[in-house]
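Subject: Structure handover

Hello,

Please find the structure below, followed by notes on what was found in it.

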Amino acid sequence: MARDVTYSGYLDLNRILSAQHPSSAAHDEMLFIIVHQSSELWLKLCLHELQAARTHIIADTLRPAFKMLSRVARAQNQLIDSWEVLSTMTPHEYSLLRPHLGTSSGFQSAQYRLMEFLLGGRNADMVTMHEATPEVADMLRAELHRPSLYDEAVGLLARRGFAIPEAILSRDRSAPWIASAEVEAAWAQIYRTPQEHWDLYELAEKLVDLEYHFQRWRFGHLKTVERIIGFKRGTGGTAGVAYLEGVLKQVFFPELLSVRTAI
């Protein structure tokens, strides 16, 4: 059977390459569509790797998780670089296709929201916009109520003997993470004596990589939007650049940033 497999058939290229349907005569709409479609594919890979990495963290088999988390960071670079391609569109060129976008917006990306939830960025209000697609809303709601990647990392610290309060381990998973002095103290111990906790030290740095690349991606989004539409409102009804500036202040793993000051 393998002899009958073709490159095009294996990759289902007929469907992928026929999935671009410009709704205007604007030349740059093809660029706009392909950048966003390819970003969704990279997000799909990130979710695949992050979900598997979380499973390994739960099982305390960290070495495979490290490979998966490193792969996500490389995939995030692809997402970051996509803004460079999109930024070749000028304000005039975007103005020709924007009326055809209606209320559609990257803000509505279910995969982006799922990745935020998985990393620990929890906001139940973000499920509301997906209620019209029940299976998507159910998927997001399920993730919202299960331990995030960071919840599981902190849970692993507790199982390894670090003093993590029970209130943190049994917290409401759907609520945003609140920075904890005890969690920071645990990471500080690991950073001060990495030779005694080498795998946890490496886990911490893999998580920092994720945070770093996610913030670079958000910043690239902000600057691309600023370059193309200035300070106009976004197509999805958000405040555009002002909204993206606010998002930049959100972090997934606050103790892994504050510990650098603590030590």
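Which residues are buried in helix α7 (residues 134–144)? They are Val136, Ala137, Leu140, Glu143 and Leu144. Here buried means under 20% relative accessible area, exposed means over 50%, and partly exposed lies in between, with a 1.4 Å probe and protein chains only. Helices (H or I, at least four residues) and strands (E, at least two) are DSSP runs numbered from the N terminus.

Before the rest, a note on the basis. This is a predicted model, in which local features need pLDDT of at least 70 and side-chain atom pairs count only at pLDDT 80 or more, while totals for chains, interfaces and linings use all residues. Residues are numbered from 1 along each chain as its sequence is written, and side-chain values use heavy atoms, with hydrogens and water left out.

Helix α7

Seen down the axis of α7, the buried residues fall within an arc of 130 degrees, so they line one face of the helix. The arc is taken from the directions from the helix axis to the C-beta atoms. These buried residues pack against α3 (29–58) and α6 (110–119), where contact means heavy atoms within 4.5 Å.

Glutamate 143 is buried at 6% relative accessible area, and it forms a salt bridge with arginine 122, with the closest N and O atoms 3.6 Å apart. Arginine 122 lies in the loop between α6 and α7 and glutamate 143 in helix α7, so the pair ties together parts that are 21 residues apart in sequence. A salt bridge is a side-chain nitrogen of Lys or Arg within 4 Å of a carboxyl oxygen of Asp or Glu. Arginine 122 also counts as buried, at 5% relative accessibility. Arg54, Arg122 and Glu143 are linked in a network of salt bridges.

A further salt bridge joins aspartate 138 to arginine 141, with the closest N and O atoms 3.3 Å apart. Both residues lie in helix α7, three residues apart, which is about one turn of the helix. Aspartate 138 is partly exposed at 47%, and arginine 141 is partly exposed at 29%.

Other salt bridges

The whole structure holds 14 salt bridges. One of them joins arginine 260 to glutamate 205, with the closest N and O atoms 2.7 Å apart. Arginine 260 lies in helix α13 (residues 254–262) and glutamate 205 in helix α11, so this pair ties together parts that are 55 residues apart in sequence. Arginine 260 is partly exposed, at 37% relative accessibility, and glutamate 205 is partly exposed, at 32%.

The nonpolar core

A nonpolar core is a set of buried Ala, Val, Leu, Ile, Met, Phe, Trp, Tyr and Cys residues joined through side-chain atoms within 4.5 Å. The largest core has 72 residues, of which Tyr150 and Leu203 touch the most other members. Helix α11 (residues 198–229) supplies the largest share of this core, 12 residues. Not counting residues up to four places away in sequence, leucine 203 touches Ile57, Leu62, Phe66, Leu69, Ala153 and Leu156.

Threonine 224 is also placed in helix α11. Threonine 224 is buried at 6% relative accessible area. Leaving aside neighbours within four places in sequence, threonine 224 is in contact with Trp83, Leu86 and Ser87.

Alanine 75, in helix α4 (residues 62–86), is buried at 2%. With neighbours within four places in sequence left aside, alanine 75 is in contact with Trp42, Leu45 and Cys46.

Aromatic residues

There are 10 aromatic pairs in the structure. Rings of Phe, Tyr and Trp (its six-membered ring) pair if their centres lie within 6.5 Å; planes under 30 degrees apart count as stacked, over 60 as edge-to-face and the rest as tilted. Tyrosine 191 and tyrosine 201 have ring centres 5.3 Å apart and planes at 75 degrees, so this pair is edge-to-face. Tyrosine 191 is in helix α10 (residues 181–192) and tyrosine 201 in helix α11. Tryptophan 198 and tyrosine 201 form a tilted pair, at 5.1 Å centre to centre and 55 degrees between the planes. Tryptophan 198 is exposed at 52% relative accessibility, whereas tyrosine 201 is partly exposed at 23%.

One aromatic cluster is formed by Tyr112, Tyr150, Trp177, Phe214, Trp217, Phe252 and Phe253.

Regards
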